[in-house]
Amino acid sequence: KMFSDTAFVRDESQEDITTEHSVSHSQITRLYSRFTSLDKGENGTLSREDFQRIPELAINPLGDRIINAFFPEGEDQVNFRGFMRTLAHFRPIEDNEKSKDQNGPEPLNSRSNKLHFAFRLYDLDKDDKISRDELLQVLRMMVGVNISDEQLGSIADRTIQEADQDGDSAISFAEFVKVLEKVDVEQKMSIRFLH
Amino acid sequence: MLTSEGQPAPLPGGDVPGFTPAPPAAPEEIHPLKEQPANGSGEGHAKPRKAFPVIGIDYTHVRIPFEISLWILLACLMKLGFHVIPSVSSIVPESCLLIVVGLLVGGLIKGVGEKPPILKSDIFFLFLLPPIILDAGYFLPLRPFTENLGTILIFAVVGTLWNAFFLGGLMYAVCQLGGPGLNHIGLLANLLFGSIISAVDPVAVLAVFEEIHINELLHILVFGESLLNDAVTVVLYHLFEEFASFEQVTILDIILGFFSFFVVSLGGVLVGVIYGVIAAFTSRFTSHIRVIEPLFVFLYSYMAYLSAELFHLSGIMALIAAGVVMRPYVEANISHKSHTTIKYFLKMWSSVSETLIFIFLGVSTVAGHHYWNWTFVISTLFFCLIARVLGVLVLTWFINKFRIVKLTPKDQFIIAYGGLRGAIAFSLGYLLDYKHFGMRDMFLTAIITVIFFTVFVQGMTIRPLVDLLAVKKKQETKRSINEEIHTQFLDHLLTGIEDICGHYGHHHWKDKLNRFNKKYVKKCLIAGERSKEPQLIAFYHKMEMKQAIELVESGGIGKIPSAVSTVSIQNINPQSLPLERVLPALSKDKEEEIRKILRTNLQKTRQRLRSYNRHTLVADPYEEAWNQMLLRRQKARQLEQKMNNYLTVPAHRVDSPTMSRARIGSDPLAYEPKEDSENLPIITIDPASPQSPESVDLMSEEPKGCSGLPPSPEEDEEGLVMRVKEPSSPGTDDVFTPGASDSPSNQRMLRCLSDPGPRPEPEEGEPFIPKGQ
């Protein structure tokens with residue numbers, strides 16, 4: 001069954017995936033085998049429970065949000081294509097890619113799209129702004145339970161103050177990008193083996 | 001003039017004839033002033049006696065410390081001089097100037113007829129080198145270092161090996177072809193020479209790269225390489241030195257040599273880690289004797305270095321490992337003052353060391369015996385450069401296959417060009433034994449030539465080249481809380497993605513290490529509550545602390561808004577003194593009193609010019625100010641209870657000290673506006689303190705806060721609320737008059753900041769961030 005699944009992927013979607021995300025054949029094969037190993041129900045799609053079975057993800061503070069990022073709006077299953085699409089954000093940026101294809105759609109792993117991916121993980125209500133509460137939630141997840149609310153609140157306030165330029169007490173995407181302009185996002189948000 | 005045995009001590013001016021140490025006899029013999037007729041029990045007092053020397057000279061007594069001090073003083077004066085004449089130092093790097101000074105001084109001494117001192121290898125390796133390396137290791141920027149560790153290791157190990165063998169081999173060929181003068185130099189000798197000259201020198205790299213402010217990646221690549229190649233150099237040096245005394249070199253010897261590399265490097269790191277852990281553990285218990293905390297750091301690090309050198313392991317790697325390992329834990333444990341002390345002492349020592357090294361290089365050049373052989377020297381120089389360029393090119397091509405962010409040709413050029421040689425090469429050459437290496441003088445001459453060339457030519461031209469090639473410069477920004485949060489966020493995100501992919505990459509292992517650290521190590525090595533403090537909170541505290549310090553240093557105490565009965569946020573005109581502005585509903589004489597108190601008690605802070613240099617020292621006048629305030633606060637503390645009645649403040653709220661500090665930090669109006677930024681003393685702490693971007697918002701805050709709102713519960717969010725206290729007695733002269741609601745928590749903050757040392761005050765021994773409640 002696995003072989004036929006692999007063949008299925010190869011025939012129909014592989015071309016699309018390869019051209020769409022510029023991922024090499026070997027990468028697709030590897031990721032597909034990972035996909036199937038996660039897919040305990042063996043129905044060609046992953047559900048949230050499949051992701052939650054990964055042990056390290058359970059202790060990751062952002063585990064749930066990352067899982068949610070794989071699932072498109074309102075759906076509970078993700079197929080291999082969607083899986084690849086999300087992971088394509090983390091492909092390293094090639095030097096030769098930077099110049100070519102200026103008129104085509106921006107590749108998923110461009111700096112802006114990488115940052116947008118991260119931004120969406122903060123911005124749960126999708127209003128294109130990271131509000132104080134959203135920031136507080138993330139801080140609470142990362143910091144643990146020992147820190148008081150007021151302290152987190154003041155950190156959140158300080159963070160927003162630093163980043164906020166248009167005075168709306170929230171961090172918009174543009175402000176988010178600006179704050180991270182010194183951070184080497186291309187390196188930080190890339191996984192080498194997706195090369 | 002008596003020694004403890006009762007014998008006459010040698011009088012200044014040498015022995016007076018007739019007064020040589022005599023066996024303890026009758027007292028009248030010992031006392032020179034007594035003109036006793038019957039002093040002869042056979043002692044020769046018949047000789048004419050000198051008068052009692054009122055002033056004498058005994059140079060031999062103090063000779064060695066005196067000369068050492070003179071040299072150090074010369075070094076410091078030179079450093080002073082270079083900054084007084086800025087035009088020269090902008091073209092010529094300091095290291096070059098110092099070598100020239102050394103040449104001049106050496107020439108001077110030689111001209112006088114004395115023998116100028118040569119930089120002895122012992123002094124260099126045991127006293128001059130460790131401070132520089134410790135300074136570099138303790139303040140090593142860990143994140144870029146670990147991210148590029150693979151690249152650095154490849155450059156350090158493979159690159160140095162390549163350089164050594166390539167150079168050695170080629171020089172051997174040159175020697176064979178070079179005619180009668182060079183024929184006798186064997187392959188091993190050449191290989192040894194190659195290994196000495198091939199290592200990039202950390203001192204020279206530091207000295208030159210510090211001034212050109214190149215971007216972090218290149219800096220850490222070249223600098224990291226210069227540090228880590230010490231292991232290779234040590235192994236190769238000892239290897240070839242030993243082999244030179246063998247008649248024959250077998251395969252076994254080579255294999256042993258190969259293994260010794262791992263032993264030397266890993267052993268060095270292990271020694272460093274052990275000492276680092278011990279130092280961290282010791283610092284956990286120093287809460288009662290804060291004064292010697294810095295000493296522990298220095299001593300343990302130095303012991304790590306010496307222990308490694310003892311076993312012929314790599315001392316540099318031990319020192320770096322010790323510094324890196326102990327730093328996070330020690331910094332969590334020690335007081336703020338100790339932290340400052342460590343920083344300043346390290347910077348001071350390393351600065352002086354560096355200066356001395358370069359001066360002595362100059363002097364040694366003049367002093368040493370030289371044997372100039374055109375062929376040898378010129379070909380050494382030539383092949384050194386070729387070897388470096390080739391090595392960098394080939395290795396980069398290989399490394400770029402594995403790097404996410406590739407090294408561009410510009411980067412490669414800078415890396416190749418930044419391969420400076422320095423005093424380590426010279427000292428290693430100096431250590432060579434005449435017995436086995438008769439051509440030592442020639443080697444030394446060649447080494448010195450290469451050093452001079454790299455330091456002078458490459459050092460001087462690298463700055464214009466960097467500008468010409470538009471290499472990315474270092475970004476002089478401080479790490480903001482945003483960056484910290486988002487970077488951690490991205491770390492978690494990437495770890496999660498890696499786990500989903502099933503790929504055990506960089507993030508995965510880093511996460512595992514962090515977890516291990518948090519769970520086990522921190523509990524052992526950090527005292528008290530701080531062991532549970534998440535990294536983010538610690539960073540935030542540090543940032544807040546720095547801003548509070550900046551605030552005080554810039555005279556901000558007077559600028560902290562003091563409201564009487566209403567809300568704290570007032571309109572502050574940043575340029576003028578706050579007392580000039582309109583205060584709502586404050587009676588005239590109360591206002592006068594406040595003014596008088598503040599004016600008389602405000603400390604004048606010293607302003608310093610901002611100059612970027614890792615050797616910049618900034619005064620900490622805030623400490624005296626805080627101490628004084630603390631004293632006065634304590635005097636008035638008893639009266640505070642009564643003051644509550646006079647104040648229209650909300651109910652006393654006890655906040656955790658962190659909260660109060662956070663409040664102080666988050667008060668936007670409490671910060672010095674950016675306009676005065678060039679007068680702000682800059683604290684060059686690592687990580688450097690953040691700018692106060694919110695201070696720009698000061699102007700926009702002005703209209704907001706003008707209204708006379710009644711005190712609201714949100715007040716505490718607005719930062720440090722200063723309320724006027726009516727001094728109940730004329731003797732109470734509070735400089736710092738916080739509101740009653742702030743007092744205990746401010747108390748704690750003040751205590752944290754000032755951390756008095758030996759004064760017996762209650763709870764004085766808290767670390768600079770106190771245990772949370």
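A residue is partly exposed when its relative accessible area lies between the buried limit, under 20%, and the exposed limit, over 50%. This cut-off is applied here to a predicted model.

B:D58 was examined against these limits. Its relative accessible area is 42%, so B:D58 is classed as partly exposed. In chain B, B:D58 sits in a loop. That loop runs between α1 (27-30) and α2 (59-84). The side chain of B:D58 makes a polar contact with the side chain of B:T60. The distance of this contact is 3.0 Å.

B:R327 belongs to helix α13 of chain B, which covers residues 315-333. The relative accessibility of B:R327 is 11%. B:R327 therefore counts as buried, since the limit for that class is under 20%. A polar atom of the B:R327 side chain lies 3.3 Å from the backbone oxygen of B:Y138. In this pair, B:R327 contributes a side-chain atom, whereas B:Y138 contributes a backbone atom.

Chain A was described as a whole. The chain contains 12 helices and four strands. It has 195 residues, and 49% of them are buried. Contacts in chain A were also sorted by separation in sequence. Of those between residues at least 6 apart, 58% join residues at least 24 apart.

Key
Residues are numbered from 1 along each chain as its sequence is written. Chains are lettered from A and ligands numbered from 1 in the order in which they are written. This is a predicted model: local features need pLDDT of at least 70, side-chain atom pairs count only at pLDDT 80 or more; totals for chains, interfaces and linings use all residues. Side-chain values use heavy atoms; hydrogens and water are left out. Helices (H or I, at least four residues) and strands (E, at least two) are DSSP runs, numbered from the N terminus. Buried means under 20% relative accessible area, exposed over 50%, partly exposed in between (1.4 Å probe, protein chains only). A polar contact is a pair of N or O atoms within 3.5 Å; within protein, one must be able to donate a hydrogen and the other to accept it, and residues adjacent in sequence count only if both atoms are side-chain atoms. Contact means heavy atoms within 4.5 Å.
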